[in-house]
Number of protein chains: 2
Amino acid sequence: MSEARGAPATGDDAKTPRTERGRRTLRAILDAAAQEFGEHGFHDAAIARITARAGVALGSFYTYFDSKEAVFTALVRDMSGQVRAHVGPHILDAPDRLTGERLGLQAFLEFVRTHQALYRILDEAEFVDAASWRAHYETTVQGYVASLTAAAARGEVRSDVGEVHAWAIVGMNVFLGLRYGVWATDTPAGEVAQIANDLLVRGLARRD
Amino acid sequence: MSEARGAPATGDDAKTPRTERGRRTLRAILDAAAQEFGEHGFHDAAIARITARAGVALGSFYTYFDSKEAVFTALVRDMSGQVRAHVGPHILDAPDRLTGERLGLQAFLEFVRTHQALYRILDEAEFVDAASWRAHYETTVQGYVASLTAAAARGEVRSDVGEVHAWAIVGMNVFLGLRYGVWATDTPAGEVAQIANDLLVRGLARRD
């Protein structure tokens, strides 16, 4: 959750821009790549359309990326960072971790609704760049394990939280995002997050 | 959960075999297709290798399928049915729905470990045959909604169970299967299912 929104987190696959103008160009290329890959998929996406969408010269693309594979890998890492940058503060600013989980899920559903390319790109990464795909989920889960463990130490959640719980929660959130963020947006994000959070906090057992 | 294991559930995309020998041939083609698509992915998979793996003549393939797309669609439906046929009895035979959910998750993890092609094929379906991909999850969730609602009527789970809960549980299980079935099998399936089930039944709240 360390990446600021808008600062491209491209890692080793892109040359790091040294000027503000360079950062803006790289940001424009990544946003255009998200549109292009989201609409056409990896195989049918074209670098020339990415630069056209971004309003930059083809040479600018090759300043930062060697290939379509390279911009795709950078985009997966960038989108993964964008999700964390968008959701993280909602978790961190909440009075406790379980409230934070509800507000974080609501923020995630809202992010998915306004970034419809996210799922298609992350899902296609399994076939285009499996290492980045796996890293996205492993990084997300590692963040959950760390923050749940800290919450347990503060007495906010059960004391035995661990990796299985983190994978379960991330899976819940990913599927709720698919159903209530990508496929249909008829139910308010806050309502979905409330129902899911009550399940997560109190469980499925009968209440009397 | 109506499909018997081994009886191909191919729906409209395959001609239905009328003889026992025909059913065995179709079963062999689908099992070979699972291996071929699982190893090579849809685009690089070859019908000739599917028939070679199945030990059937090329003509036998075209008795049942018109194309690579058709056998892929049939395979997605068949695998979806196989998962339900494998997991369903563990849920139904349990003394109550929450115990059934634990035993069903354990059975699912064991199925995934012995059917490593499952995830790759279902995940690739998003890009090859999105309707079948979506139908797999919607069918799975509909089954959950029905069985949770019935369990609520019997007083075995909270009375307000509904679609959001079902999507959350299916998402949990899919991600636990990815992590503890596909990526690594170091933790016993029963142990993962026990931890996840305790989370699902009792929730994440602190216990004193």
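This is a predicted model: local features need pLDDT of at least 70, side-chain atom pairs count only at pLDDT 80 or more; totals for chains, interfaces and linings use all residues.
A salt bridge is a side-chain nitrogen of Lys or Arg within 4 Å of a carboxyl oxygen of Asp or Glu.

**View 1. Two domains share chain A.** Welcome to the overall layout. Domain 1 covers residues 14-66 of chain A, and domain 2 covers residues 69-202. Between the C-alpha centres of domain 1 of chain A and domain 2 of chain A there are 26 Å. The contact draws on 17 residues from domain 1 of chain A and 14 residues from domain 2 of chain A.

**View 2. Area is buried between domain 1 and domain 2 of chain A.** About 1100 Å² is buried between these two domains, and carbon and sulfur atoms give 73% of that area. On the domain 1 side, look for Leu30(A), Phe37(A) and Phe42(A): these residues lose the most area to domain 2 of chain A, together 44% of what that side buries.

**View 3. Arg27(A) meets Asp78(A).** Between domain 1 of chain A and domain 2 of chain A, the count is one salt bridge. Zoom in on the side chains of Arg27(A) and Asp78(A), which form a salt bridge with an N to O distance of 2.8 Å.

**View 4. Helix H1 of chain A faces domain 2.** Follow helix H1 (residues 20-44) of chain A: 13 residues from this helix make up the largest share of the domain 1 side that touches domain 2 of chain A. The residues of that side divide into nine nonpolar, four polar and four charged.

Technical notes. Residues are numbered from 1 along each chain as its sequence is written. Chains are lettered from A and ligands numbered from 1 in the order in which they are written. Side-chain values use heavy atoms; hydrogens and water are left out. Domain bounds come from an automatic or database domain assignment. Contact means heavy atoms within 4.5 Å. Buried area is the accessible area (1.4 Å probe) that two parts lose on being put together, summed over both. Helices (H or I, at least four residues) and strands (E, at least two) are DSSP runs, numbered from the N terminus. Ala, Val, Leu, Ile, Met, Phe, Trp, Tyr, Cys and Pro count as nonpolar, Asp, Glu, Lys and Arg as charged, and the others, Gly among them, as polar.
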